[in-house]
Amino acid sequence: LMKLIKVIGSSLLIILALAFCLFLETFIEVDHWGFAVSVNFTFMMVFTLIFMSIFKPSYQSSYFKSYPFERDGKIYRWFGVTLFVRLLRLIGWEKLIRKDNPVNSRLELLKNYRYSTCGSEIIHLLAAVIVAGYTLRVALQYSVYQIHWLILFNILTNIYPVILQRYNRPRVDRVIARKARFKLIAPNVSP
């Protein structure tokens, strides 16, 4: 019964977010950058609330495991993930996020960081899908010439964060595996 209540509550949040975006259309032109920012952040906020407060999944799905082509990160570097990381550092996002999620060599903190990469990825992925659908609706109802900001901000605030999580996770997994092996070899030594 509790799971049903959570699903209904989450569905209502998504519906309210969609209604809010439709309401925004009456005040902000759909081809304005402010509208695109509002739509993207609305859905990021909703999915953050759903996955950080309502549901707290374990993220054990095989989806969150790294595929062989991802392990060296070459494909993501080709898509410019390192430039995106530089942009995040330039605007101060890295410092801001590390206050809440510190990362160091302690195994438990690394596992928490890995868990948070999965959460961030699913939040941004679902927001990207919903915003893409909303963008399609705007293109069909208004014009394809009015969706450029929606596309740009969806890429910057949702697609690239998903790519960044996929890029980071294999590296974090390698460090966790190394730390876990070290702990098994020398259980009395704290890393």
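1. Let me start with helix H4, residues 81-90, whose buried residues are Val81, Phe84, Val85 and Leu88. Viewed down the axis of H4, these buried residues fall within an arc of 100 degrees, so they line one face of the helix. The arc is taken from the directions that lead from the helix axis to the C-beta atoms. Buried stands for under 20% relative accessible area, exposed for over 50%, and partly exposed for what lies in between (1.4 Å probe, protein chains only). On the face of H4 turned away from the buried side sit the exposed residues Leu83, Arg86, Arg89 and Leu90. Gly92, with a positive phi near 90 degrees, follows H4.

2. A word on the ground rules: this is a predicted model, in which local features need pLDDT of at least 70 and side-chain atom pairs count only at pLDDT 80 or more, while totals for chains, interfaces and linings use all residues. Residues are numbered from 1 along each chain as its sequence is written, and side-chain values use heavy atoms, with hydrogens and water left out.

3. For the overall picture, the protein has seven helices and zero strands. Both are DSSP runs numbered from the N terminus (helices: H or I, at least four residues; strands: E, at least two). The C-alpha trace spans about 65 × 45 × 30 Å along its principal axes, and buried residues make up 37% of the 191 residues.

4. Leu87, found in helix H4, is partly exposed at a relative accessible area of 37%. Patch members have over 30% relative accessible area and no salt bridge; nonpolar side chains (Val, Leu, Ile, Met, Phe, Trp, Tyr) are joined within 5 Å and like charges within 9 Å. The areas come from the Shrake-Rupley method with a 1.4 Å probe.

5. There is also a patch of positive charge on the surface, where Lys74, Arg77, Arg89, Arg171, Arg174, Arg178 and Arg181 gather. Lys and Arg count as positive and Asp and Glu as negative, with His and the chain ends not counted; a charge is placed at NZ of Lys, CZ of Arg, CG of Asp or CD of Glu. Helix H3 (74-78) and helix H7 (148-185) each supply at least two residues, and the largest share, four residues, comes from H7.

6. On to the salt bridges (a side-chain nitrogen of Lys or Arg within 4 Å of a carboxyl oxygen of Asp or Glu): the count comes to five. Arg137 and Glu25 meet in one of them, at 2.0 Å from N to O. Arg137 lies in helix H6 (residues 107-141) and Glu25 in the loop between helix H1 (2-24) and helix H2 (33-54), so the pair ties together parts that are 112 residues apart in sequence. Arg137 is partly exposed at 25% relative accessibility, whereas Glu25 is buried at 15%.

7. Glu70 and Arg166 form another salt bridge, 2.8 Å from N to O. Glu70 lies in the loop between H2 and H3 and Arg166 in helix H7, so this pair links parts that are 96 residues apart in sequence. Glu70 is buried at 2% relative accessible area, and Arg166 is buried at 6%. Glu70, Glu121, Arg166 and Arg169 are linked in a network of salt bridges.
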